[in-house]
Amino acid sequence: MSLLSAFDEPGRIMLGTVRVARGLTQHDLAQATKISQGLLSKAESGVVALDEERLAVLAEALGAPQDLISMPVSEVGSSPYVFHRKRSTLPVSKVNQLRAELDLTHVQVAGILGRRAPQLRLERIPLPEDGFDSPEDIARQIRSALGVPEAPVLHLARALEDAGVVVVTRPLGSTRIDAIVSWPTGRSPLVLLGDHAPADRQRFSLAHELAHAVMHQVPTEEQESEADRFASEFLMPAAAIRPQLEALTIPKLAKLKATWGVSMAALLRRGRDLGLVNDAQYRQLNVELSRAGYRTNEPVEVPRENPTLLPRVIQERLVSGETISDIAQSASMTEREFIELYAGGTA
Amino acid sequence: MSTEIITGSGGRTPGGIGTAPNPAETRAAKRLGTRVLVIASGEAEATAPHVDPVVSGLVIAGAVAHRTLRALRKNYPELVMMIEPTSTSVWATQELPFMLDVSGIFPEELDDVLDAQLQAGATVAVTPTAVFQAGDSDAMKAALEMVNKLERDDFVFLLPIHYRWLDKANIKQLIAIIKRSHHPVAIALVDSSSNPLEHAGAIPGYRRLFEAASWAMPWRADLGAFDALAHGARAAVIGQLPSLRRIALPGKGGFSSDKSDMSPHVLLRKLLRYRRSSKMQQDWFASAAPETCPCPHCGGRAIDRFNGSDEQRLEAHLHNLHETTVMRREIDGYTPEQIAAWWTQRLLDVEYERQALKGRIGVEVNLTPDVKEWLRES
């Protein structure tokens, strides 16, 4: 799924982005601050400038620094499209909120990493219109470019971080969305990964979002299936997994899940797509998965992957003598919000 | 649909270096014309006299194909004949997309294999392509690059593909690869457990492929060849036996509903299906007089009479060849639109034929899954 940015009109300030990220309507914010909705609307779009007093009230109500809410959106940059992996229909308001949160996270991450940001080793490879290169072909190119061997990716989040992709795991406020990604020009790709899903699903979502970042610049009808195909090849390269998908059974799927770190359902689908499981076998094994209750609750726990880039940099900065307050300020955050989101809730 | 006969063999690509030939303009395409050929193995010599030289031709499969063709060429100098150079199937790889002997000091080259076929008397050569696993585009692209580098235009680029290549996810890439071929492309479907066109989504993918390709033909097909012709295929090769109507997965044999039953699969043209003669005897004509066939091989005798002897099997296969040749003659001179309309009418007629047979014998006669799918998608 993709959404065109609603926040990148000329003159706009970050006030609107912060408000939406907090899940507030203009009406909500107007009530909370006693500032008229009309004025808020004009202020967000940059038609009128807010005075210091109103800025302070708004910053307090939104839990954000004044500098951030008055910052022009054009200074921050915003990707024209974001892509998200969702499990079912999500209200537009929720999507907008996540999109705004993603834009804010870009600001925060850029401030936290500063010159410590890893070099970006990822390139955009759009899918050709005629289909000569498939999503699987591009997944193989990316694996090769990142130096990932044709074997199970042991720690996907770390592999992406090494390539310059920033991964932030946090609650997304809904279990109906797994992840969201954007890659604005001049910035690193950023994935917001929901912390609610099991680790095998998180890994697939991460690879799926990587696919969007690499292959998709504008939305297409097939983008979700293309991203799934990329993710399948990235996590389960055909050349390596093919021999292991012969004569699949439920116990074998469980064993392979532990090896490859992907769900049994994804492995079964991979077997089908690679022609190692015919339609009848695919149906039968799916029935068996359902009967065992594995469609909703699969056995075998895949170890959870925690991104390490941001905690490492924060630690480095603290060791070098900076304070939490310094880092929060560089991230355009209040100290409280910074601690909550990046310091494990404790200073 | 008409057939152009062009004599002569061998030769380099006209137009010089750097020219990307249009597959339809190659000598291979012109020699094949719009023929519906038959592919035979052990019965090739016995089949040759019955092949229509104008609208059909003979493809010889098997380990002794070169020797068989050399012998046949003396007696049939004008007949379009080809060799299928891959008598066993192996998976293609990016390094080895063709079955070439690379073990010696002087490894076999693609040109050598094509030349050997032409020297044995083949009208058009065929690449010895290995089988492409589902989605293995690296291997297929490597094969494409190799054939496009060949400076000749007297061969067909054979693509044996796992049936999953026809899936919605893979068909776009397959078409893109085929469209980049400078040479006519022949598509052979690979499956060991069932009719490759019975898989979900296979028929729409197959149709889309022939609609999009500039010159493609089904290879080792069954009546799906006519569905392909109705959707843009230029020529076709139909298998004489079930095992020659698809390619088995490497390392796996073909499939058979009953390996002990050697009775032949007989083509029932009006029902657009093959049926084993023993099954017709047991299921349809146990309590009713069998249908008869007026073709030269049946001579008005019962259509279910064939037993499992070599002679009877050959006779059934010659009946099948006669029937597909009749179908091909019916569309001679037709435009693509007329072929499509003809095929749709043939499909619609099946229902009438089925009901008529059912009414006469008092036994249910089912449509085959592919006829159902062809009808549904038409």
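Guide: What follows is a set of questions and answers on a predicted model.

Visitor: Why is Gln202(A) called buried?

Guide: Buried means under 20% relative accessible area. Gln202(A) has 4% relative accessibility, so the residue counts as buried. Gln202(A) is found in helix 10 (residues 199-215) of chain A.

Visitor: Where does Gly194(A) sit in the pairing of strands?

Guide: Gly194(A) belongs to strand 5 of chain A and is the bridge partner of Arg170(A).

Visitor: How do you know that strand 3 and strand 5 of chain A pair?

Guide: Two strands pair if there are at least two bridges between them. Five bridges join strand 3 to strand 5 (residues 190-194) of chain A, and the two strands run parallel.

Visitor: Why is strand 3 of chain A described as largely enclosed?

Guide: Four of the five residues of strand 3 (residues 166-170) of chain A are buried, so the rest of the structure largely encloses this strand.

Visitor: Is Ser330(A) buried, exposed or partly exposed, and what makes it so?

Guide: Buried is under 20% and exposed is over 50%, with partly exposed in between. Ser330(A) has a relative accessible area of 27%, so this residue is partly exposed. Ser330(A) lies in helix 17 (residues 324-330) of chain A.

Visitor: Which residues does Ser330(A) touch?

Guide: Leaving aside residues up to four places away in sequence, Ser330(A) touches Gly111(A), Ile112(A) and Arg317(A). The side chains of Ser330(A) and Arg317(A) are joined by a polar contact of 3.1 Å. The C-alpha atoms of Ser330(A) and Ala199(A) are separated by 31 Å, and these two residues are 131 residues apart along the chain.

Visitor: Why are helix 14 and helix 15 of chain A called roughly antiparallel?

Guide: Helix 14 (residues 264-273) and helix 15 (residues 279-291) of chain A pack at an angle of about 170°, with their axes 10 Å apart. Angles over 145 degrees count as roughly antiparallel, and helix 14 and helix 15 of chain A are therefore roughly antiparallel to each other.

Visitor: Which residues make the contact, and how do they divide?

Guide: Helix 14 of chain A contributes Met264(A), Ala265(A), Leu268(A), Arg269(A) and Arg272(A), and helix 15 of chain A contributes Asp279(A), Tyr282(A), Leu285(A), Asn286(A) and Leu289(A). They divide into six nonpolar, one polar and three charged.

Visitor: Turning to chain B, what makes strand 4 and strand 7 edge strands?

Guide: The open sheet of four strands has the order 4-5-6-7 (chain B), with parallel pairing. Strand 4 (125-126) and strand 7 (216-219) of chain B each pair on one side only.

Visitor: How do you know that strand 6 and strand 7 of chain B pair?

Guide: At least two bridges are needed. Four bridges join strand 6 (residues 185-190) of chain B to strand 7 of chain B. One of the partners in strand 7 of chain B is Met217(B), which bridges to Ala186(B). Helix 7 (residues 202-212) of chain B packs on the sheet and touches strand 6 and strand 7 of chain B.

Visitor: Why is Arg275(B) called buried?

Guide: The cut-off is under 20%; Arg275(B) has a relative accessible area of 13%, so Arg275(B) is buried. Arg275(B) is placed in strand 10 (residues 273-276) of chain B. A polar contact of 2.9 Å joins the side chains of Arg275(B) and Asp283(B).

Visitor: Why does Asp304(B) count as buried?

Guide: Asp304(B) has 8% relative accessibility, against a limit of under 20%, so Asp304(B) counts as buried. Asp304(B) lies in the loop between helix 9 (277-284) and helix 10 (310-330) of chain B. Among the residues that Asp304(B) touches are Ser277(B), Met280(B) and Phe285(B).

Terms used
Residues are numbered from 1 along each chain as its sequence is written. Chains are lettered from A and ligands numbered from 1 in the order in which they are written. This is a predicted model: local features need pLDDT of at least 70, side-chain atom pairs count only at pLDDT 80 or more; totals for chains, interfaces and linings use all residues. Side-chain values use heavy atoms; hydrogens and water are left out. Buried means under 20% relative accessible area, exposed over 50%, partly exposed in between (1.4 Å probe, protein chains only). Contact means heavy atoms within 4.5 Å. A polar contact is a pair of N or O atoms within 3.5 Å; within protein, one must be able to donate a hydrogen and the other to accept it, and residues adjacent in sequence count only if both atoms are side-chain atoms. Axes are lines fitted to C-alpha atoms, for helices over the stretch in contact, and angles run from 0 to 180 degrees between N-to-C directions. Angles under 35 degrees count as roughly parallel, over 145 as roughly antiparallel, 65 to 115 as roughly perpendicular and the rest as oblique. Ala, Val, Leu, Ile, Met, Phe, Trp, Tyr, Cys and Pro count as nonpolar, Asp, Glu, Lys and Arg as charged, and the others, Gly among them, as polar.
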